[in-house]
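Here is a short briefing for someone meeting this structure for the first time. Keep the sequence and the 3D view open while you read.

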Amino acid sequence: MLHVIFYEPRIAGNTGNAIRLSACTGSMLHLVEPLCFEMDDAKLRRAGLDYHDLAHVQVHPDYESALAAVPGRIWAFTGHASKFHTQIEYADGDGLLFGPEPTGLPEEAMAHPRVAERVRIPMLPGVRSLNLANSASIGLYEAWRQLGFPEGV
Ligand SMILES: C[S@@+](CC[C@H](N)C(=O)[O-])C[C@H]1O[C@@H](n2cnc3c(N)ncnc32)[C@H](O)[C@@H]1O
């Protein structure tokens, strides 16, 4: 199983999209508190979530607890890295780490010894960043593609 970690996400709609992403790919979404919304937020539910989607999400009181729930390597997604996300060889159990919407990942989170490397999704020069949920989709589908989609998808 692949893992996606949202470090202190702020916007309910992004997390709602990521819960749906996890349900569609069989991956686990880890949310690191504090969250700036309730898990029954209307915007989160508007993403079309139902009970089965929510089964793919775990909420953790802190970053260490989230890391402890991921058996593989951690890849930190940031716009400020030289290596592309496509240059990584992902393995089952790996975790893809994403930062809060306004600020991105704090340096101390990316410098954690569990983080194997920082990776960047290519963008044209002069633009700020991709949306959080879009970044998670791009990263997760690349990792899933590399692992081979299971039969019947
Ligand atoms: C809206 S962005 C944060 C923007 C913030 N101002 C920054 O510069 O990091 C939210 C998260 O999406 C991910 N992200 C956005 N664009 C990315 C890119 N080009 N490459 C890798 N991750 C990206 C990162 O994890 C980032 O922390």
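Predicted model: local features only at pLDDT ≥ 70, side-chain atom pairs only at ≥ 80, totals over all residues.

Strand β1 is largely enclosed by the rest of the structure, because 5 of its 5 residues are buried. There are 17 residues around the ligand.

- β1 pairs with β2 in the parallel sense, over 5 bridges. Within that pairing, Val4 has Leu29 of β2 as its bridge partner. Tyr7 has Val32 of β2 as its bridge partner.
- The chain goes from β1 through α1 to β2, and this β-α-β crossover is right-handed.
- β1 also runs parallel to β5, joined to it by 4 bridges. Here His3 is partnered with Gly95, and Ile5 with Leu97.

**The other strands**

- Why is β2 largely enclosed by the rest of the structure? The reason is that 4 of the 5 residues of β2 are buried.
- β2 is joined to β3, residues 57–60, by 4 bridges, and the two strands run parallel. Val32 stands opposite His60 of β3.
- β5 is covered on both faces. Gly95 and Leu97 lie on one side, Leu96 and Phe98 on the other, and all are buried.
- β4 and β5 run parallel, with 3 bridges between them. Ala76 has Leu97 of β5 as its bridge partner.

- In soluble globular proteins, nonpolar side chains tend to be buried together.
- Beyond its neighbours within four places in sequence, Ala136 is in contact with Val4, Ala18, Leu21, Leu96 and Phe98.

**Residues in the loops**

- Glu8 sits in the loop between β1 and α1. Glu8 has a positive phi of about 45°, although it is not a glycine.
- Is Glu8 buried or partly exposed? Glu8 has 19 other C-beta atoms within 10 Å. A buried residue needs 20 or more, so Glu8 counts as partly exposed.
- Ser27 lies in the loop between α1 and β2. Ser27 counts as buried because it has 20 C-beta neighbours inside 10 Å.
- Past its neighbours within four places in sequence, Ser27 is in contact with Met1, Leu2, His3, Val4, Ser22 and Leu140.
- Ser27 and Leu96 are 69 residues apart in sequence, and their C-alpha atoms are 11 Å apart in space.
- Pro34 is in the loop between β2 and α2. A cis peptide bond joins Glu33 to Pro34, with omega about 5°.

**Tyr63 in helix α4**

- Tyr63 belongs to helix α4. Tyr63 is buried, because 20 other C-beta atoms lie within 10 Å.
- Leaving out neighbours within four places in sequence, the contacts of Tyr63 are Tyr7, Val32 and Ala109.
- Tyr63 and Ile5 are 58 residues apart in sequence, with 9.2 Å between their C-alpha atoms.

**Around the ligand**

- Which of the 17 residues around the ligand come nearest? They are Phe77, Phe98, Gly99, Gly104 and Leu130.
- The shell around the ligand has 7 nonpolar, 8 polar and 2 charged residues.

Technical notes: Residues numbered from 1 in each chain as written. Near = placed C-beta within 6 Å. Nonpolar A, V, L, I, M, F, W, Y, C, P; charged D, E, K, R; others polar. Contact = placed C-beta atoms within 7 Å. Buried ≥ 20, exposed ≤ 12 C-beta atoms within 10 Å, placed from the backbone. Pairing = 2+ DSSP bridges. Right-handed = clockwise from strand over helix to strand, strands pointing away.
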